[in-house]
Amino acid sequence: MVSIGEPWPEFNAGICYRDLVRRSDAGATMIEFYTRRYKSSAPLNGWLQRIHNKQITIDGCVVTDPDAIIREGAQLVYHRLPWKEPDAPCLLGILYEDSDVIALNKPSGLQVLPGGLFQQRTVLTQLQRHAGNLEASGCQEPHPVPVHRLGRGTSGVLLCAKTKLAKCRLAAFFADGTSRNSDPQQKTTRSITKLYRALASGVIIEDEVVIDHPIGLVKYPGVAQGLYVASPSGKPALSKVTVLERNKQSNSTLVQVEIKSGRPHQIRIHLSFIGHPLISDPLYGTGGQPKYTDQEIVNESFAQDGGYERPGKPVPGDCGYHLHAHRVVFAHPATNEIIKITAPLPPILHMLEESKAEEGT
């Protein structure tokens, strides 16, 4: 399998966060602005450290006085210093590629888009580097970008567009699939089919389970936007679980899951909801809820860069579980031809007969 990916540098390039001061914020001090708007990024002392460290400019000028008054229309820039991102794989196998689409075999441990500690060590970075190589070889206006997400701990097929038109059409397919297939009674023809393999805890008795519990957000320490959980007030979600193999000795079940909607962490939440969370999932327990539900207040300690210390409790990006996007079937955005892409299974997600067949080859 051909791969893309270059080794990661030891440190990233840092990042700049820009704000244009609105009328409602005019007249506030700089420290008031940042602690009010970005209180989840750093505590008061952390923002003071960043200001004194000359990491914030107003209209291009470094300002070290936290009590400086900001005016409407001023441009504030916070310069986050370069840091060493956590370890992450850098190679992605190419499962399919043409002038419109590229499908990658994403390894577990690699984040798809920038966020949190991972700003450079992402699939997007390697795609952009690949685009630079395409341009150098004469490809006109490549615009590669993932059109859906896989959790950092999830491996397998990641579908990416190479042009803006392909991106729009593929994104519409995914959005349409989520909106039209959240009702288990609704029969529709979809442009995208996604099949996953997963290793669930416990022995699932039924051969097939359809889970249609909604998924919504709750407050959770260390996750600024909130944590996705099973919630009656959430958005509709639909997963079809098929048992492939039961293992009473290890108290586990190998399953295939077809997701007919695309909510964040949907498979992890839905299997947890029916009492069979993924084996070694550090975050979700039973009932589609996190293992640790007490809402501790994040303390005021801060890291070297001024931000909060990483929470001690598990967060969504933590790895350890076994979940693999095994197969994607979709209508090609330019030709409407049906394309089927399969990512090789990790050994732990093979059925017994599949393992024997592989050993015999």
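Is N336 buried or exposed? N336 counts as exposed, because its relative accessibility is 56%. That value comes from a predicted model.

## Positive phi in two loops

N336 sits in the loop between β16 (323–331) and β17 (338–342). Its phi is near 65°, a positive value in a residue other than glycine. Most residues other than glycine have a negative phi.

H265 also has a positive phi, of about 55°, although it is not a glycine. H265 belongs to the loop between β15 and α5 (266–273). With a relative accessible area of 24%, H265 is partly exposed.

## Aromatic rings

A search of the whole structure turns up six aromatic pairs. In the pair of F33 and Y34, the ring centres are 5.1 Å apart and the planes stand at 90°, so this pair is edge-to-face. Both F33 and Y34 are buried. In the pair of Y38 and W47, the centres are 6.5 Å apart and the planes are at 45°, so this pair is tilted. Y38 is partly exposed, at 28% relative accessibility. W47 is buried, at 1%.

## Charges over rings

Which residue lies over the face of W47? R50 does, at 4.5 Å from the ring centre. Another arginine, R80, has its charged end over the ring of W83. Here the distance to the ring centre is 3.7 Å.

## A buried threonine

T253 is part of strand β15 (residues 252–259). Its relative accessibility is 0%, so T253 counts as buried. Its side chain makes two backbone approaches. One is to the backbone oxygen of G202, at 2.7 Å. The other is to the backbone nitrogen of I204, at 3.0 Å.

What else does T253 touch, leaving aside its neighbours within four places in sequence? Its contacts include A198, L199, A200 and V203. V243, E245 and R246 are also among them.

## Salt bridges

How many salt bridges are there? The count comes to 13. One of them joins R71 to D59, with the closest N and O atoms 2.8 Å apart. R71 lies in the loop between β4 (61–62) and β5 (75–80), and D59 in the loop between β3 (56–58) and β4, so the bridge ties together parts that are twelve residues apart in sequence. R71 is partly exposed, with a relative accessible area of 48%. D59 is partly exposed too, at 38%.

E97 and K162 also meet through their side chains, at 2.9 Å from N to O. E97 is in strand β6 (residues 92–97) and K162 is in the loop between β9 (155–161) and α4 (164–180), so this pair links parts that are 65 residues apart in sequence. E97 counts as partly exposed, at 32% relative accessibility. K162 counts as buried, at 7%.

E258 pairs with K260, the closest N and O atoms being 3.5 Å apart. E258 is buried, with a relative accessible area of 13%. K260 is partly exposed, at 22% relative accessibility. Elsewhere, salt bridges that share partners connect D19, R22, D25, R36 and R37 in one network.

Methods:
Residues are numbered from 1 along each chain as its sequence is written. This is a predicted model: local features need pLDDT of at least 70, side-chain atom pairs count only at pLDDT 80 or more; totals for chains, interfaces and linings use all residues. Side-chain values use heavy atoms; hydrogens and water are left out. Rings of Phe, Tyr and Trp (its six-membered ring) pair if their centres lie within 6.5 Å; planes under 30 degrees apart count as stacked, over 60 as edge-to-face and the rest as tilted. Buried means under 20% relative accessible area, exposed over 50%, partly exposed in between (1.4 Å probe, protein chains only). A charge sits over a ring if NZ of Lys or CZ of Arg is within 6 Å of the ring centre and within 35 degrees of the ring normal. Helices (H or I, at least four residues) and strands (E, at least two) are DSSP runs, numbered from the N terminus. A polar contact is a pair of N or O atoms within 3.5 Å; within protein, one must be able to donate a hydrogen and the other to accept it, and residues adjacent in sequence count only if both atoms are side-chain atoms. Contact means heavy atoms within 4.5 Å. A salt bridge is a side-chain nitrogen of Lys or Arg within 4 Å of a carboxyl oxygen of Asp or Glu.
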